[in-house]
Structures are given as structure tokens and as C-alpha cells.
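Good morning, and thank you for the time.

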Amino acid sequence: MAGSATPARTLLRGGLLIDGSGAPPRAADLLVEGDTIAAVLEPGTGAEGDHAVIDIAGRVLAPGFIDSHTHDDGYLLAHPDMVPKVSQGVTTVVTGNCGISLAPVPPGRALPQPLDLLGPSELFRYADFPAWMQALRDAPAAVNAIPLVGHASLRVSAMDDDLQRPATPQECERMARLLEEALEAGAFGMSTGTFYPPAQHATTQEIIDIGAAMRGRNGMVYATHLRDESDHIDAAIEEALDIGRALGARVVFSHHKLAGERNHGRSVETLARIDRAALLQPVCLDCHPYPATSTMLRLDRVRLARRTLIAWSKGEPSAQGRDYADLQREWGLCDEAMLQRLAPAGAIYFLMDERDVERILAHPRTMVGSDGLPFDPHPHPRQWGTFTRILSRLVRDQGLLTLEAAVHKMTGLAAENYGLADRGLLRAGWKADLVVFDPAQVQDVATFDHPVQASRGIEGVWVNGRQVWDGGQPTGQRPGRVLMR
Ligand code: ZN
């Protein structure tokens, strides 16, 4: 790859183009000018000119990947090189998922779990959403952001300390105004996580009332971590669809999964249900390629999981990276006493079935979302390996997806669902978010035992025409933008 100072005009020559639409690969050259794709050229027709040339023979050139589900709101500010993501080829992250966003949360407010998954309390210093967007514009990261507003964050902002109740009409009004202010500033929509304590007492009507400002706006997204991803998932899906219809918004089923052995195999039904709904309203899904999930330590999850790993623990820091079952044997404690000793804590739960994961990922409406927790000391490997694991394991090793179908999920499909008019495809006039990788070598390296490891085979990444990743290193460039609807 060329050096980090990408000149104004650059020809990427000799690569195999996968354009993000799902179309088969084809040999072509691509000319970048400034932040834009100037032309897609037949091989060898890019005359010698005043442009630099980068030879990418034998490599795939694709649109930069869109991570459709992240918790990178604070990480973008704290670690703007975004190495966990650019090292996988990611050029855009959707923030504010699962009902938790860094803003609006006034400084000094107590942060109930799981808001703390977004990073240390010092990062929560934006009482209104536009202030966080402006902070990101003032100190850009290496990647673009698609901001969503989290419903639990609105609750923390607008309600007193007692969140274990539905919001009053006055509180709903306050939240609705905060959301409207964010949408005016360009936010793409709202997320909820009624699975989590700060939002579990919110009624369906509360969410619809708060989301009033989404009605009548184009391209709104309602992303939801369902109230239940286990025995009662059908009712939870219906609730999300009701909310999406009431708000006139596209429903994004976040990290779609079936938790617990007795629910394994039910993705056949849930996907059919979502397909039926798609005839009536816009819907899509995201997921990652691992049979384990990760969030705060909760006994209901521990009891559903066949194995639980401790990602971090404030109560017992030495538990980090250890198996819950091993610790329980050593300490001789019941579950409740375990929770008391470990909390607050985060954990990784092996509670999905591989076949469900593959079926959901292969579904034509499913995008790719890492759901990584960037500040966890011993994170789920999805934060570093989601995209490259799909390209290596599911595409190259298992043949579950063609390369162009996998890339489409990571690019064109996500851009379409989030309403990006000029990203996600390799087209003249579109923004130059690009990734170059070796399809034979690309490989995730992060594992559950050693989760903080950059992937192999991602050779170059460009965001808005500037190179941010070069042969295994960040370039230090930070051309990321807060994207606007
Ligand atoms: Zn979630």
C-alpha cells in the first residue's frame, strides 16, 4: 500500500471489484479524487496521469464495511484511531444501540448498568445530543458515525433516579423534546433496550409517545434490543413491529438471536415472522458470527447459558477472563452470592446455537453488526473479529455465503437500510470509503481466550478518500464524519 499521505488523485489498479450491490466480482480499476470515487474503469484504461497508482493485483477492492450495531459512542472520542474496527475494514459505525447512547446524559448523573458499557463516567458529559455530535466533529475519528439516540439514556436524562417505573406524561414530553432536538441535528432515529433494567418498565405506549417526532420524517430507524430474546420472543417481535408502524420507522432487529437451549432452532419461525412483516412495513436485522453474546452480568443469562465467561468485574477484578463455573466451584457460592461478589460486572454467555446464528446471518435482510463492547478489559472477540470472521470462516471455509453476498451485507444493504445516499457501493460520484483485502489470507485472530488482536489480511482502508489503515497499522489520519440523513 502507499504511504499515509494519500495524494488528491489515486488510481487503485488491478484489483477485483466487489461493488457492494451483491453483483459478482469483476476486474476493474478505481480512481479516487479527494473524498470521492471519480471513476470505475475497465482494467488498464486508466491512462498514466497526474495521479498516484497503487497496485492491488490479486486483492479484493470493496466499499468500506458498515458496522450496523456498535457501542462505540465514547470510544470514537477516546480512541479516535478506531483500530479494533479499521483493522477489520470498517469505515462507518452505527452508534447508540440497545437503548444506550453517550448523550443526552448530563454530567454527574448516576449511570445505571448497562450505560457503563459505553465507557468510563468521564465520557458522559453531553447534556444534549447535538453537543456530542459537535464534539465528534471537533475531534474526528478515523471512521464515520451514524448516530442513534438511546431510549434508556433519554430516561436517565429526563427522569429522577427511580427508573423502575413507567415514565409520567411530563417525563415522556421531556424525552420527546430531547429526541426531536437530536433528530433536528441529524440523528438517524432511536434505539431501545427494554431487556435492560433502566428501560424494562417502559410501556409500548411510552416508546411511541417519545418517538412522536420521528413520524413524518423520512428514513427514520427504530433499532431494538427486544424485550425478550428467549421464551417470549414472538410477543417481543410484535411489540417492535407495532412501534415501528406507529412511528413510521424502519425496524432494525438488533443482534437477532434465540437464547437458551429450549429455544434453539426457533430462528426458522422468527425469520418467517419477520419476512411476513416485511410485506407490510420496512424491517431488517443485524447479527454477528459467534454463538455467544455479551452484556452485564445477570443471573437469568447465566442460567440460560451453557458457559459464562467473566469479561470484567469491579467486585472481584481477578475474575476477569475466568469461567463462572470454575469460580463458583472454587468459592463454593450460590448464584446470588456469586452476583454479589462480582457485581458490577460484565460477562460473555454461550447461549446460542451455531445453526441459528448461521441461518440468521445468511438471511437476505440481515446486516453485520459487531455489538462489541470496546472498553471491556477482556471483551467478546466480536469487537475485533466480526467482519474478518465472516469473510474467512463463513465465506472461505464453509461456503455459507458467497463473497459478494457477504460484502453486500456489510456495505450496500446497510447503506440502504440506514438511508445513506452516497455510500455502500463503488460508484462514480459516491464517497470513497474503501477496503482492500486478500481474500485468501483474510482472517480473524481474536478469540475468547485472547480477544484483543487485530485481524490479518486487511491491507488498506480509506475513509472519505484518506487512508486510515495501511498494511497492519493505523496511519493516524482521522477523516471520519458524523453522517447526516
Ligand atoms: Zn443489545
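Let me begin with a definition: on a 1 Å grid over the protein atoms alone, a cavity is a set of points where a 1.4 Å probe fits but cannot get out, and a pocket is an open set with protein on both sides within 12 Å along at least five of seven lines; lining residues have an atom within 4 Å of a point. Grid points are joined across faces, edges and corners, and a volume is the space filled by probe spheres set on the points.

The model is predicted, with pLDDT of at least 70 required for local features and 80 or more for side-chain atom pairs, while totals for chains, interfaces and linings use all residues. Residues are numbered from 1 along each chain as its sequence is written, and side-chain values use heavy atoms, without hydrogens or water.

The whole structure contains six cavities of 30 Å³ or more. The largest cavity holds about 130 Å³ of space. Its lining comprises 17 residues, with Tyr 196, His 225, Thr 293, Ser 294 and Thr 295 nearest the centre. Strand E16 (residues 292-296) gives the largest share of that lining, three residues; strands here are DSSP runs of E, at least two residues, and helices runs of H or I, at least four, numbered from the N terminus.

The second largest cavity has a volume of about 80 Å³. Helix H12 (residues 354-362) supplies the largest share of its lining, three residues. Among the lining residues are His 255, His 256, Cys 287 and Asp 353.

What is the volume of the largest pocket? The value is about 250 Å³. Of its 14 lining residues, Asp 116, Trp 312, Lys 314, Phe 375 and Pro 377 lie nearest the centre.

I turn to the rings. Seven aromatic pairs are present, where rings of Phe, Tyr and Trp (its six-membered ring) pair if their centres lie within 6.5 Å, with planes under 30 degrees apart stacked, over 60 edge-to-face and the rest tilted. Phe 65 and Phe 437 form a tilted pair, because their planes stand at 55 degrees, with centres 6.3 Å apart. Phe 65 belongs to strand E8 (residues 65-67) and Phe 437 to strand E20 (residues 434-437), so this pair ties together parts 372 residues apart in sequence. Together with Phe 387, Phe 65 and Phe 437 make up one aromatic cluster.
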